[in-house]
Amino acid sequence: MASSPAPEAGLTEYERRRQENIRRNDAIIASLRRQAAELSASLRPAKRPKKQPPRASPARPVVLRRSLRTRGLPPSGSSDAAAASSPPAPPTPTKPRDARFSSSLASSLRAAAELPAPREGEAPAADGFDAGSGMVLRPADVRRVVPERILSVRILPLADRTVVVAGNKLGHIGFWDVDGVVEDEEDSADGVFEYFPHRGAVGSIVVHPAAPRKIYSCSYEGEICLMDVEKENFDMIQFCDYPIYSLCQAPKSPSCLYFGEGNEVKLFDERAGKVSSTWNLHDNRINSIDFHPENPHMFATSSTDRTACVWDMRSMKKKDPENLKVFEHNRSVQSAYFSPSGSMLATTSLDDTVQIFNVDNFDVSYIMKHYNQTGRWLSTFKAIWSWNGTDLIIGNMKRAIDIISVELSESSLSASNKASLQSEHMTAIPCRFSLHPYKVGHLACASSGGKGDS
């Protein structure tokens, strides 16, 4: 321990005693503080343990109350009332109503296969038909064919009646017998018959005029189904790894089915029951495939990679196939369709254009401005050719149908808005269209609400 410092020299006796008293008093105060702390610790009560918060009981699932009717359960007074007290089952996909074809429609579909295939030139003349003034919409010609948004629509190639087939985003396919007659109580009162063949949105429906009983459909889940008209069910003939957005059949090949899986076009041979050829044609998904009506080797494709292409199957190689022409757009191309005569090709793009090209000279073209921004809740617009081969039909965001007139000469091509068809009975935006192949003026259009107009 260090010794106390020696008294400083020069201090008087009084000052030395004063310093000693100060040191002694400091020692006494320190001793009293230690004793007070020890006494206080001995008198302090024992520290109580901190109160733990009560454990939260496991949260019960929130059960939304639903009526027995909406849950598909019997009334409480029935013998099955005990089932009402059980927890509701997990929701299942919307199921279509259970219906079967009317006897008259079934007879027409069966008889259609026995009729000879239509010959060239037998199609009704449509040179003088004016799409801008030759079509009207009546209340009786509007029907809700399937619930939710329609992505594909097709009129069956039946000469004696009008039957509209529509596929929606849930995988339902509905048949609307427009001019059919209900013969008994079991037939559908509104002429609509609905089925559920797919797990995803129905991307396309095709029916070849030479085989009207073979109804093909595809879905975004990679399924291709063929309907058996006799049994009224759908058989899956092909399952793919990627979504299928487009189907097509060549004019003279009813047994060959072309479909776009991803950025590839594949040929399904019905006779062999498998895919026989595959071509990698685009850098993104293929939105449409359409064959030239006169040249069975020429077809056009449109793609989300912002291009539309024309191909010749005779010169296509399985690896790096070469196209005849590439049409570039600023945004995704939704469709590319040949005119009935094959002299023109029309493309519809999200860059707000409808472009028309001369097939004999692709450098002759015309760009028609058209607002095509349908958004995520509507099906995209796809312009199709009218019966006369000089008019284009496309939807309008103002709940109307635009008729675009096209004029083609040897060295020039032009287009203009001919008419805009509106009706108080058209309560939604028409997006997809299909022409009746044998009845000029019978047009089917589908909307986002599941309605079909004819």
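A helix here is a DSSP run of H or I at least four residues long, and helices are numbered from the N terminus. The legends below describe close-up views of a predicted model.

**View 1. A salt bridge links R161 and D177.** The closest N and O atoms of this pair are 2.7 Å apart. The pair links distant parts of the chain, with R161 in the loop between strand 2 and strand 3 (163–168) and D177 in strand 4 (residues 173–177), so that the two partners are 16 residues apart. R161 has a relative accessibility of 8% and therefore counts as buried, because the cut-off for that class is under 20%. D177 is buried as well, with a relative accessible area of 5%.

**View 2. R271 and D269 form a salt bridge.** In this pair the closest N and O atoms lie 3.2 Å apart. Which of the two partners is exposed, with a relative accessible area of 66%? That residue is R271, while D269, at 15% relative accessibility, counts as buried. Elsewhere in the model, salt bridges that share partners join E13, R16 and R17 into one network. A search of the whole structure finds 12 salt bridges, and the pairs shown in these views are among them.

**View 3. E148 has a positive phi in a loop between two strands.** Most residues other than glycine have a negative phi. The phi of E148, however, is near 65°, which is a positive value in a residue other than glycine. E148 is placed in the loop between strand 1 (142–144) and strand 2 (150–155), and with a relative accessible area of 40% this residue is partly exposed.

**View 4. R306 also has a positive phi.** Here the phi is near 75°, again in a residue other than glycine. R306 is found in the loop that runs between strand 15 (298–303) and strand 16 (307–312). Its relative accessible area is 47%, so R306 is classed as partly exposed.

**View 5. C248 and C256 are two buried cysteines.** C248 has a relative accessible area of 7%, and C256 has one of 11%. A disulfide is a covalent bond between the sulfur atoms of two cysteines. How many disulfides are counted in this model? The count comes to zero.

**View 6. The whole protein chain gives the setting for the close-ups.** Its secondary structure comes to three helices and 28 strands, and of its 454 residues, 45% count as buried. Among contacts between residues at least 6 apart in sequence, 50% join residues that are at least 24 apart. The accessible surface of the chain comes to about 25,600 Å², and 50% of that surface belongs to carbon and sulfur atoms.

Conventions
Residues numbered from 1 in each chain as written. Predicted model: local features only at pLDDT ≥ 70, side-chain atom pairs only at ≥ 80, totals over all residues. Heavy atoms only, no water. Buried < 20%, exposed > 50% of the residue type's maximum accessible area, 1.4 Å probe, protein only. Salt bridge = Lys/Arg side-chain N within 4 Å of Asp/Glu carboxyl O. Disulfide = S-S within 2.5 Å. Contact = heavy atoms within 4.5 Å. Areas by Shrake-Rupley, 256 points an atom, 1.4 Å probe, with all protein chains shown as cover.
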